[in-house]
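Open the structure in your viewer and keep the sequence beside it.

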Amino acid sequence: MRVLVTGGAGFIGSFLTERLVEMGFDVVVIDNLSSGGDLNRLKDVIDRVRFIKDDLKSPSNPGAFQGVDTVFHLAANPEVRVSVTEPRIHFDENVLVTFNVLELSRKYGGVKTVVYASSSTVYGDAKTIPTPEDHPIQPISVYGAAKAAGEVMCGTYARLYGINCVILRYANIVGPRLRHGVVYDLLMKLKKNPEELEVLGDGTQEKSYLYITDTISATLMAWEYAVKNGGIYTYNIGNWDSISVRDIVSIVIRASGFNPRINYKPATPDGRGGWPGDVKRMLLSIDKIVREVGWRPSMSSREAIELTAKSLVKEIGVRDDEGISP
Ligand SMILES: NC(=O)c1ccc[n+]([C@@H]2O[C@H](COP(=O)([O-])OP(=O)(O)OC[C@H]3O[C@@H](n4cnc5c(N)ncnc54)[C@H](O)[C@@H]3O)[C@@H](O)[C@H]2O)c1
């Protein structure tokens, strides 16, 4: 069976691509190697996938969708903060790209299933925590709004053209090869200046983190469930627990081996958040995917952060004495 991964040279996409190759699928990857995309992530499988460098904002290779059974649509700009200052980038990379992927799936491919990488940010500052899938969608960032728009578009294409659709609202996903988000940002700051660490927000923000291997198993199990049963599904993919930024800072500092002064820098009117659009408390209810699909996470938010910090210290060469190339 042929499957297509958009954003397959990204963090999550590269792990998904590797797993799909291992499972014996014929995998096509489309990525424009922008916003964090890096072909090195696919080095172990590059001779076993069909890699197409293309910008899905203006796709030039519709033939890539021919014969594809499932599209895993991960291509996006994942930087929530960028969406606050550069909303247009997020409209183009997240809304327009999703529309183009759906159109290509319909017109050229006869695609049967679309799996869409959405985000916990669609809920905004949720009133119910843990937040279930039927909670109102009230994003507070343009990134979250763009993801929500993509969800509506995927669902509409599914109803209109008889495609199966799986919307996955990921919590914060962490692991090796990550090049954005709080763990990466803190380590990059320490690499530049081991004496002082600026932390965005007052450190009380509390969010849920999921390790990449758990994320891939959830993604594949939800996909298999949708293929077997047909229809449109929305699942939160996260963890049972959450962790505060203060605790993440301690873990990251320990992993780095440095002893910096910590400088908290709140930047929202309530004096807590790190940037406008920052959701301060995020914990998704994962009851639905556990109940329907039978998936459950294998490690906690804390364990996921600890493993990630250890890997990234080496990968990005935080310490001169033990760095590997970035
Ligand atoms: N990492 C997380 O914590 C997280 C959480 C929630 C949702 N998500 C979503 O999951 C998906 C993957 O995230 P990630 O962390 O792997 O991000 P990433 O930046 O590592 O990967 C995104 C990939 O998409 C590619 N891309 C971007 N614009 C493109 C375009 N116009 N044409 C072709 N390729 C393009 C990039 O080059 C990159 O390889 C994204 O949709 C993101 O919004 C991620």
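Select Ile12 and the ligand: a polar backbone atom of Ile12 is 2.8 Å from an oxygen atom of the ligand. This is a polar contact, a pair of N or O atoms within 3.5 Å. On its own the ligand has 820 Å² of accessible area, and the protein covers 98% of that (Shrake-Rupley method, 1.4 Å probe).

The model is predicted: local features need pLDDT of at least 70, side-chain atom pairs count only at pLDDT 80 or more, and totals for chains, interfaces and linings use all residues. Residues are numbered from 1 along each chain as its sequence is written, and side-chain values use heavy atoms, without hydrogens and water.

Next, select the 31 residues around the ligand (a heavy atom within 4 Å); Asp31, Ser34, Glu93, Tyr143 and His180 come nearest. Colour this shell by class to find 15 nonpolar, ten polar and six charged residues (Asp, Glu, Lys and Arg count as charged; Ala, Val, Leu, Ile, Met, Phe, Trp, Tyr, Cys and Pro as nonpolar; the others, Gly among them, as polar). Strand E5 gives the largest share, three residues.

Finally, go to helix H9, residues 301-315 (helices are DSSP runs of H or I, at least four residues; strands are E, at least two). Which of its residues are buried? They are Ser301, Ala304, Ile305, Thr308, Ala309, Leu312, Val313 and Glu315 (under 20% relative accessible area, 1.4 Å probe, protein chains only). Seen down the axis of H9, these buried residues fall within an arc of 160°, so they line one face (the arc is that of the directions from the helix axis to the C-beta atoms).

Key:
Polar contact = N/O pair within 3.5 Å; in protein donor to acceptor, adjacent residues only side chain to side chain. Expected span 1.5 Å × (residues − 1). Buried < 20%, exposed > 50% of the residue type's maximum accessible area, 1.4 Å probe, protein only.
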